[in-house]
Amino acid sequence: MSKRTIDRPSPLLAKSPTLRASGARHLPLPFTPMSATTIVTLGNRTFELDREKAEAAFAAKRVINGRDTMFFNILPLKYQWAYDLYKTMKNNHWEPEDITMQKDVEQWRSDDISDVERWIIKMGIGYFSAAEGIVGDNVLHVVREVVTAPELKLVLGRHAHEENIHADSLVYMLSSLGLNPHECEAMFEDIPTIKEKNHFVVSNSRALRRDIDLTVTANKQALAKNIFMFGQVMEGTQFYGLFGMILSLYRQNKFPGIGQMFRYTLRDESNHIEVFRNLLMDLVDENPDIWTDEFREDLRATMAEGIRLEKKFIRDCLPVAGIGLNAQDFETYIDYIADRRLISCGLAPLNESVSNPFPWLAEMMDIKKETNFFEGRVTEYQKASALASVDDDEL
């Protein structure tokens with residue numbers, strides 16, 4: 001076999017790091033330009049690897065309106081962050097059945113649990129059993145349908161898979177406690193604050209399930225709003241009220257199995273928020289016509305409406321205070337979280353002076369190894385080489 005190269009000047013250079021609207025920089029691209037067109041000869045056959053075609057294919061990679069191809073070729077990577085998050089999410093894989101529910105069942109059947117605490121668990125299972133599916137469905141049938149870079153489709157596929165795991169965990173919780181699934185369905189249908197929250201996001205998602213011309217600025221803005229709404233408002237803010245309540249019970253040694261599953265879910269959600277934040281920032285970088293003053297204010301108004309709906313929901317979850325649980329603190333927490341999400345996307349906060357009433361929540365994310373010596377089971381849900389601490393900014 002012989003191999004030779006033909007030197008030509010290369011027009012493609014790796015991007016230098018740039019600042020996003022949020023102030024976070026792009027990761028540098030790992031792509032190294034081919035130094036020359038390569039000719040490979042095997043027997044009487046000769047193959048020319050055309051550098052210019054490869055470079056043109058790379059340059060055509062975009063979040064939307066990119067190269068039209070049926071080939072799922074992620075190389076060379078243009079969106080390194082997407083592949084890095086995919087690897088992190090894969091290393092975080094967990095299965096609900098690996099977590100024992102024995103103590104949860106014992107507590108549920110005992111007189112040690114108050115009516116308020118039982119109601120929080122029921123609301124958690126009732127709301128999230130539908131909400132996780134709503135997110136996954138939007139990822140697959142709205143966002144992943146229109147993005148064109150394969151590495152973005154890769155991480156979005158993993159995102160949707162994790163929503164399935166979360167939905168599966170809720171079935172496991174419900175069946176372990178012996179709850180009536182029809183009661184959970186009734187909560188989803190009959191509690192107005194749950195219906196309002198779900199209508200808020202589902203109406204947006206349904207409006208995009210059509211052939212859409214993404215060369216039109218208004219349509220690009222509609223997609224960007226969907227990404228912001230599901231990533232920063234729903235998963236990034238509205239999920240955190242119940243997360244905090246259930247983890248507050250877990251902190252009091254109540255419902256350890258359910259609490260552990262919600263810890264893993266919360267860790268997954270922090271990655272989902274980052275997937276959609278990066279996707280939004282790259283979409284705006286490539287389509288600056290999206291980022292008008294009016295559109296930025298529309299996103300802030302969308303967050304404000306999400307906060308309003310979430311605070312009503314919190315008051316339904318906590319109609320009376322419990323031990324270490326009161327609605328006012330959780331409403332303050334939602335204001336705090338919402339501002340963090342806005343700032344991360346380069347948007348002005350709504351309540352800049354609010355501080356975090358639950359600093360302990362960051363400790364709930366310190367997940368490395370869970371050991372049950374009585375069961376003889378050691379579960380490590382992330383490889384040691386891939387462990388990364390979670391910044392308080394994400395909580």
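The model is predicted, with local features requiring pLDDT of at least 70 and side-chain atom pairs pLDDT 80 or more, while totals for chains, interfaces and linings use all residues. Residues are numbered from 1 along each chain as its sequence is written, and side-chain values use heavy atoms, leaving out hydrogens and water.

Across the whole structure, 16 aromatic pairs are found (rings of Phe, Tyr and Trp, the last by its six-membered ring, with centres within 6.5 Å; planes under 30 degrees apart are stacked, over 60 edge-to-face and the rest tilted). F330 and F358 form a tilted pair, because their ring centres are 4.7 Å apart and their planes meet at 45 degrees. Since F330 belongs to helix 12 (residues 327-344) and F358 to the loop between helix 12 and strand 4 (370-372), the pair ties together parts 28 residues apart in sequence. Helices (H or I, at least four residues) and strands (E, at least two) are DSSP runs, numbered from the N terminus. F330 is buried at 1% relative accessibility, and F358 is buried at 5% (buried means under 20% relative accessible area, with a 1.4 Å probe and protein chains only).

One aromatic cluster brings together Y127, F128, F239, Y240, F243, F262 and F313. Two of its rings also meet charges: K197 lies over the face of F313, 3.9 Å from the ring centre, and the charged end of R341 sits over Y240 at 5.1 Å (NZ of Lys or CZ of Arg within 6 Å of the ring centre and within 35 degrees of the ring normal).

K197 is also among the buried residues of helix 7, which kinks by about 25 degrees, centred on H199 (the angle between axes fitted to the seven residues ending there and the seven starting there).

Notes
Buried means under 20% relative accessible area, exposed over 50%, partly exposed in between (1.4 Å probe, protein chains only).
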